[in-house]
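This report goes through selected features of the model shown below.

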Amino acid sequence: MSEQVNVETLKDLLEAFNRHDLDSIMSYFADDCIFYMPRGAKPRGDRYVGKAKVRAGLASRFEGIPDVHYGKDQHWICGDLGVSEWTLTGTTKSGQQLEVRGVDLLEFAGGKIIRKDSFWKILE
C-alpha cells in the first residue's frame with residue numbers, strides 16, 4: 001500500500017473485513033497500531049496494541065459473529081484521518097441477530113493505520 005490514503009483505501013479495507021481476510025486486513029495496519037473495540041470492560045472498549053494483538057482481537061470478532069458483514073457504507077478522508085460509517089449485520093454464536101449502525105475513526109501515518117477506534121449504536 002502506498003503512503004497516499006484515500007477513500008478507495010477505506011473501501012478496500014472494508015471489503016477485506018467483509019471477506020474476513022485477516023492477512024489483508026492486517027496489511028493496512030502499522031506494526032505499533034492500536035485498536036479500540038466497540039465493546040469491553042472499560043468505557044473506551046477493549047484495547048489491543050501491536051499487530052499480533054490487533055489480529056487476535058479481530059479474529060475474536062469473526063469467531064463471535066461468524067457472518068459479520070459491513071454494508072451501507074460511506075467514507076471520508078481529511079489529511080491523516082479517516083472515517084468509515086457502516087451498518088453491521090450478522091448473527092452471534094448464541095443466535096442473536098444484529099443490525100447496528102457504526103463508525104470507525106482511523107488515524108494513519110506513512111499510509112498505515114496507527115489507530116482504529118470503533119463505535120456502534122446501542123440498541124434497546
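The model is a predicted one, and it holds one cavity of 30 Å³ or more. Rolling a probe the size of a water molecule over the atoms shows where empty space is left.

The lining of the largest cavity consists of 13 residues. Those that lie nearest the centre are Leu14, Phe17, Trp86, Asp104 and Lys116. By class, the lining divides into eight nonpolar, two polar and three charged residues. At least two lining residues come from each of α1 (7-19), β4, β5 and β6 (112-120). Helix α1 gives the most, with four residues.

## Strands β3 and β4

Strand β3 covers residues 69-78 and strand β4 covers residues 81-91. The two run antiparallel and are joined by eight bridges. Across this pairing, Tyr70 stands opposite Leu88 in β4.

β3 and β4 form a hairpin, with two residues between them. In the turn, Gly79 has a positive phi of about 65°.

## Strands β4 and β5

β4 also pairs with strand β5 (residues 97-109), through 11 bridges. This pair, too, runs antiparallel. Here Trp86 stands opposite Gly102 in β5. Trp86 is also one of the residues nearest the centre of the largest cavity, and both β4 and β5 supply at least two residues of that cavity's lining.

Five residues lie between the strands in the hairpin of β4 and β5. Gly95 in this hairpin takes a positive phi near 95°.

## Ile25 in helix α2

Helix α2 spans residues 22-26 and includes Ile25. Is Ile25 buried or exposed? Ile25 counts as buried because its relative accessible area is 0%, against a cut-off of under 20%.

Leaving out residues up to four places away in sequence, Ile25 touches Leu13, Ala16, Phe17, Leu58 and Phe62. One of these, Leu58, is 33 residues from Ile25 along the chain, and their C-alpha atoms are separated by 9.3 Å. Another, Phe17, is in contact with Ile25 and is among the residues nearest the centre of the largest cavity.

Notes. Residues numbered from 1 in each chain as written. Predicted model: local features only at pLDDT ≥ 70, side-chain atom pairs only at ≥ 80, totals over all residues. Heavy atoms only, no water. Pairing = 2+ DSSP bridges. Buried < 20%, exposed > 50% of the residue type's maximum accessible area, 1.4 Å probe, protein only. Contact = heavy atoms within 4.5 Å. 1 Å grid on protein atoms, 1.4 Å probe; cavity = no way out; pocket = protein on both sides within 12 Å on 5 of 7 lines; lining within 4 Å. Points joined across faces, edges and corners; volume = space filled by probe spheres on them. Nonpolar A, V, L, I, M, F, W, Y, C, P; charged D, E, K, R; others polar.
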